[in-house]
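Please read it with the structure open.

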Amino acid sequence: MLTLLLAALLSSSKSEVPPDVWDCENTVEVWCAVDGCAAQPDGEMTPMSITASRDGAFSICAYTGCWEGKTTLIDQSGRLLWAGDGAPFSTRPEGGFEADVTLLIIEKEGVGFVRAGGIATPLLCARRPVDQDLAE
């Protein structure tokens, strides 16, 4: 699906694709803690779905829910950074499952990185037109 989206974006002019919303997904899963990082073996990866917009809104979905929030977007020469503290998980287990979130996207390359809830993993990202649900 991401391949088709990227092909559509590359075949269209820049004026047809507003740079407001990004969709990202992972192809590997990496977990990091104080004692180091480890990649999940093939077949044990948790797919993630990530959406972020220039208005600072982000949604980082994994497992059965999403960390969602809004922050001030930092754009440093095409390196887009969303950073939010205590983002709630949409299907909180008892006791909560909040996470500090860091999402980085390199606009020119469509490559990113996310850190949330122990996950610290690379991403492939693509711009998409703003739809009505996000614009409201």
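A salt bridge is here a side-chain nitrogen of Lys or Arg within 4 Å of a carboxyl oxygen of Asp or Glu. The side chains of Asp-75 and Arg-54 meet this criterion, with N to O at 3.3 Å. The model is predicted, and five salt bridges are found in the structure.

- Asp-75 counts as partly exposed because its relative accessibility is 40%.
- Arg-54 is likewise partly exposed, at 30% relative accessibility.
- Arg-54 also forms a salt bridge with Glu-107, where the closest N and O atoms are 2.7 Å apart.
- Glu-107 lies in the loop between β9 and β10 and Arg-54 in the loop between β4 and β5, so this pair ties together parts that are 53 residues apart in sequence.
- Glu-107 has a relative accessible area of 17% and is therefore buried, the limit for buried being under 20%.
- A network of salt bridges links Arg-54, Asp-75, Glu-107 and Arg-127.

**Salt bridge between Asp-55 and Lys-70**

- Asp-55 forms a salt bridge with Lys-70, and the closest N and O atoms are 3.9 Å apart.
- Because Asp-55 lies in the loop between β4 and β5 and Lys-70 in strand β6, the pair ties together parts that are 15 residues apart in sequence.
- Asp-55 is partly exposed at 43% relative accessibility, whereas Lys-70 is exposed at 59%.

**Thr-71**

- Thr-71 sits in the loop between β6 (65–70) and β7 (74–76).
- The side chain of Thr-71 reaches the backbone oxygen of Ala-83 at 2.7 Å.
- Leaving aside residues up to four places away in sequence, Thr-71 touches Asp-55, Gly-56, Phe-58, Trp-82 and Ala-83.

- Strand β8 (residues 79–87) and β9 run antiparallel and are joined by seven bridges.
- Within this pairing, Gly-84 stands opposite Val-101 in β9.
- On its pairing with strand β10 (residues 111–116), β9 is again antiparallel, over five bridges.
- Leu-104 has Phe-113 in β10 as its bridge partner.
- Four residues lie between the strands in the hairpin of β9 and β10, and Gly-110 there takes a positive phi near 70°.
- In a regular strand the side chains alternate between the two faces of the sheet.
- In strand β9 (residues 99–106), the covered face holds Ala-99, Val-101, Leu-103 and Ile-105, and the uncovered face holds Asp-100, Thr-102, Leu-104 and Ile-106.

**Aromatic pairs**

- The count of aromatic pairs comes to three.
- Trp-67 and Phe-89 form a tilted pair, with 4.8 Å centre to centre and 55° between the planes.
- This pair links distant parts of the chain, with Trp-67 in strand β6 and Phe-89 in the loop between β8 and β9, 22 residues apart.
- Both Trp-67 and Phe-89 are buried.
- The rings of Phe-89 and Phe-97 have their centres 5.0 Å apart and their planes at 80°, so this pair is edge-to-face; the angle must be over 60 degrees for that class.
- Phe-89 counts as buried because its relative accessibility is 5%.
- Phe-97 has a relative accessible area of 32% and is therefore partly exposed.
- Trp-67, Phe-89 and Phe-97 are linked into a cluster by ring pairs.

**Val-114**

- Val-114 is located in strand β10.
- Its relative accessible area is 0%, so Val-114 is buried.
- Val-114 and Ile-60 are 54 residues apart along the chain, and their C-alpha atoms are separated by 8.6 Å.
- Not counting residues up to four places away in sequence, Val-114 touches Met-48, Ile-50, Ile-60, Thr-102, Leu-103, Ile-119, Ala-120, Thr-121 and Leu-123.

Definitions and conventions. Residues numbered from 1 in each chain as written. Heavy atoms only, no water. Helix = DSSP H or I, 4+ residues; strand = E, 2+ residues; numbered from the N terminus. Polar contact = N/O pair within 3.5 Å; in protein donor to acceptor, adjacent residues only side chain to side chain. Contact = heavy atoms within 4.5 Å. Buried < 20%, exposed > 50% of the residue type's maximum accessible area, 1.4 Å probe, protein only. Pairing = 2+ DSSP bridges. Phe/Tyr/Trp six-rings, centres within 6.5 Å; stacked < 30°, edge-to-face > 60°.
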